[in-house]
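Subject: Structure for you to look through

Hi,

Here is the structure I promised to pass on. Please open it and keep it on screen while you read my notes below.

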Amino acid sequence: RQMQRTTKLVTALGALAIVVGACGAGASPSAVPATEAPSAEAPTATPAPEYPTGDFKIRLWTKEGEADGAFQFVTKLTDAYTALHPNVTFEVTNKDVEALREDFQTASLAGDAPEVLWTVADHIGPFTAADLILPLDDMVDKAGFVPAAADIVTVDGTLWGAPTSFGNQLMLLWDKSKYGDTAPVDSDAWIAKARELTDGTNYGIVFNQTESFWLVPFLGGFGGSVFAEDGVTPTLDTDAMKSALQFMYDLKYTDKVMPSEADYNVADGLFKDGKAASIINGDWTLGAYAEVLGDKLGVGPLPKLTGYDYPKPYIAGTFLMASKAVGDNPDLKTIVSDFMTFATNTANQVDMVKTLKRLPGNAAALADPIVTGDPLLAGAADAATKGVPQPTNLEMRCVFDSMTAGVRDMFTGNSDIAGIAATMQSGSETCISQL
């Protein structure tokens, strides 16, 4: 039944996009009879800016790496754009998410920022607070995007990012040859099977033990959130947080279904090598895992926490952003605007789905049969329906950093769960007071 709801969601979003597109285009105005001169007050269409001449080199920094083929997809798009406009070339650089944020801030202050970013939603907060990126309302057509995707990067009515993918949620990916064709019904069943599949070399459950992004879903499943209703006051020292931390601690030290250490690359490698029966990872891995496991790959929401709710991962996606400096050069702004439109058009977004198995940010592409008819993407969409929008305000950076320190402390063996939660709270409060 959940799958049916997911399909309806995707179809509804696609239908909405078609309706919005039709309304946005509008009916053609009545033609002025040939015998009548147009009124002096008749509005005249603003001509589209001519494509700039001369040579331009666009620097694009992306968080997309080579492991899942995403970096190659980005360069495929930039190469295709250069083929259309030979006077425009790109220098594409991959950076870790945190390094991209820090380096972009530093480069912007030095007056040497890249023109375009392909990055995550939570960079909106620090970049807008420091006035480092351009609003995109006059650069791309917001109506062409999945509404929920565009809303993630819309602040006070202003669009700051052009969605290249929608979702970014953590979910359960499993090896059907080990776990079976269907996902575990709840966390008790998941852990019980994981115990059977763990022997010191092989593991029932793996995920990144070094980042708090993997804590967030369990916090939501136990009824918690990182902020109070005002959206800025951290709420980390709560019973829900303690339950989430205890659940994760027990997976490693009580149930013993996880490896002794695992950052992102270790967990990813174990699953690809067949040494992990299930992994908690994001929708960005679908393409790479499907290539390795084929029809043995299962995809769906994280199992419901027995006695509680489904884990609630953050939903976001990947987005194109423009450096503030682009606005100082009308020709450069025209090119960046055109590239963003090109990179997020329906054809290129459908190609992204084929290549990377990600849900697209383009509404028409989301309604395409390549999405609605694919069981892996349907599973990813199902997982997305369990999620909540990721906050993009500046305070979220403090919360992530404080929670990450706590997660790392816990996974190195600190069993003082209450103390970790209290330290997370105080750390985030201190950080926010210094913003």
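Start with His 123. Leaving aside neighbours within four places in sequence, His 123 is in contact with Val 97, Leu 100, Arg 101 and Met 321. Find His 123 in the loop between β3 (116-120) and α4 (124-129). His 123 counts as buried because its relative accessibility is 0%. Bear in mind that this is a predicted model.

Now the chain as a whole. The protein chain has 18 helices and 11 strands. It has 435 residues, and 51% of them count as buried. Then look at contacts between residues at least 6 apart in sequence. Of these, 75% join residues at least 24 apart.

Next, the nonpolar cores. The largest one has 79 residues. Leu 173, Leu 286, Leu 297 and Val 336 have the most contacts inside it. Which helix gives this core its largest share? It is α12 (residues 330-343), with 7 residues. Take Val 336 as an example. Setting aside neighbours within four places in sequence, Val 336 is in contact with Ile 58, Val 116, Met 139, Ala 322 and Val 326. Another core, of 46 residues, lies apart from the largest one. Its members include Leu 236, Ala 240, Met 241 and Met 424.

Take α17 (residues 395-411) and α18 (residues 417-433) to begin with. They pack at an angle of about 150°, and their axes are 8 Å apart. Angles over 145 degrees count as roughly antiparallel, so α17 is roughly antiparallel to α18. The crossing of α17 past α18 is right-handed. On the α17 side, the contact is made by Glu 395, Cys 398, Val 399, Ser 402, Met 403, Gly 406, Val 407, Asp 409 and Met 410. On the α18 side, Ile 417, Ile 420, Thr 423, Met 424, Gly 427, Ser 428, Cys 431 and Ile 432 take part. By class, the residues of this contact are 10 nonpolar, 5 polar and 2 charged.

Helix α17 also packs with α9 (residues 239-253). Here the angle is about 35°, and the axes are 10 Å apart. The crossing of α9 and α17 is right-handed. From α9, the contact uses Met 241, Leu 245, Met 248, Tyr 249, Lys 252 and Tyr 253. From α17, it uses Met 403, Met 410 and Phe 411. This contact of α9 with α17 has 8 nonpolar residues, no polar ones and 1 charged.

Asn 208 sits in the loop between α7 (187-197) and α8 (216-221). Is Asn 208 buried or exposed? Its relative accessibility is 5%, so Asn 208 counts as buried. Not counting residues up to four places away in sequence, Asn 208 touches Trp 214, Ala 262, Asp 263, Tyr 264 and Ala 267. Asn 208 and Asn 265 are 57 residues apart in sequence, yet their C-alpha atoms are 7.9 Å apart in space.

Tyr 264 belongs to helix α10. Tyr 264 is partly exposed, with a relative accessible area of 24%. Leaving aside neighbours within four places in sequence, Tyr 264 is in contact with Asn 208, Trp 214, Asn 281, Trp 284 and Thr 285. Its C-alpha atom is 9.5 Å from that of Val 206, 58 residues away along the chain.

Last, two backbone details. Asn 168 has a positive phi of about 65°, although it is not a glycine. Look for Asn 168 in the loop between β6 (162-167) and β7 (170-175). Asn 168 is buried, with a relative accessible area of 10%. Lys 256 also has a positive phi, about 55°, and is not a glycine. Lys 256 is in the loop between α9 and α10 (264-272). Lys 256 is exposed, with a relative accessible area of 57%.

Best wishes

Technical notes: Residues numbered from 1 in each chain as written. Predicted model: local features only at pLDDT ≥ 70, side-chain atom pairs only at ≥ 80, totals over all residues. Heavy atoms only, no water. Axes fitted to C-alpha atoms, helices over the stretch in contact; angles between N-to-C directions. Helix = DSSP H or I, 4+ residues; strand = E, 2+ residues; numbered from the N terminus. Parallel < 35°, antiparallel > 145°, perpendicular 65-115°, else oblique. Left-handed = near helix turned anticlockwise from the far one by under 90°. Contact = heavy atoms within 4.5 Å. Nonpolar A, V, L, I, M, F, W, Y, C, P; charged D, E, K, R; others polar. Core = buried A, V, L, I, M, F, W, Y, C linked by side-chain atoms within 4.5 Å. Buried < 20%, exposed > 50% of the residue type's maximum accessible area, 1.4 Å probe, protein only.
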